[in-house]
Amino acid sequence: MAQIPRLVKAVGPGWHSVLYRLHGQLVARWPDYRVIGVKEKFGGLRVQVDVGERAAREAAAPLVRAAEAEADALCEFCAGPGRARSRNDTPAGWIKTVCDDCHRAWSAREIMIVSGAVRYSGRGPDSTAAPREG
């Protein structure tokens, strides 16, 4: 049985605290809940869970929606205040919820999210260290 902590790395670290909080809320009422999916889609957090019977699903839905709405205002990279944007604010393309600083770095392809962690270009494939201040 998979629960949110097992799939938290499907999204960036800026949203991890939102997911852990949702996990705590779900496990408090439905200890045996299972997660069907956690992902980023169209710049937003998407979470699907199975908590059992219809009444339970209806009770869990507002918790999931609240977590998704909270993530809509948080940078997926750093958890700072963010909004949905495309790379370089072009009218089409991949959308992520990002703050201004992370948007610049993401648009310049200096950062990306890999296995739930921020990766910085030019510092090796396993680097998770913050970029150096100039």
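Helices (H or I, at least four residues) and strands (E, at least two) are DSSP runs, numbered from the N terminus. This is a predicted model, in which local features need pLDDT of at least 70, side-chain atom pairs count only at pLDDT 80 or more, and totals for chains, interfaces and linings use all residues. Residues are numbered from 1 along each chain as its sequence is written, and side-chain values use heavy atoms, with hydrogens and water left out.

**View A. Tyr-120 sits in strand E6 (residues 117-120).** Tyr-120 has a relative accessible area of 18% and is buried (under 20%; exposed is over 50%, partly exposed in between; 1.4 Å probe, protein chains only). From Gly-80, Tyr-120 is 40 residues away in sequence and 18 Å away in space, C-alpha to C-alpha.

**View C. Helices H2 (residues 16-29) and H3 (residues 54-71) meet with their axes within 10 Å.** The axes, lines fitted to C-alpha atoms over the stretch in contact, cross at roughly 170° (on a scale from 0 to 180 degrees between N-to-C directions). The pair is therefore roughly antiparallel (over 145 degrees). On the H2 side, the contact is made by Val-18, Arg-21, Leu-22, Gln-25, Leu-26 and Arg-29. H3 contributes Ala-59, Ala-60, Leu-63, Val-64, Ala-67 and Glu-70.

Methods. Angles under 35 degrees count as roughly parallel, over 145 as roughly antiparallel, 65 to 115 as roughly perpendicular and the rest as oblique. Contact means heavy atoms within 4.5 Å.
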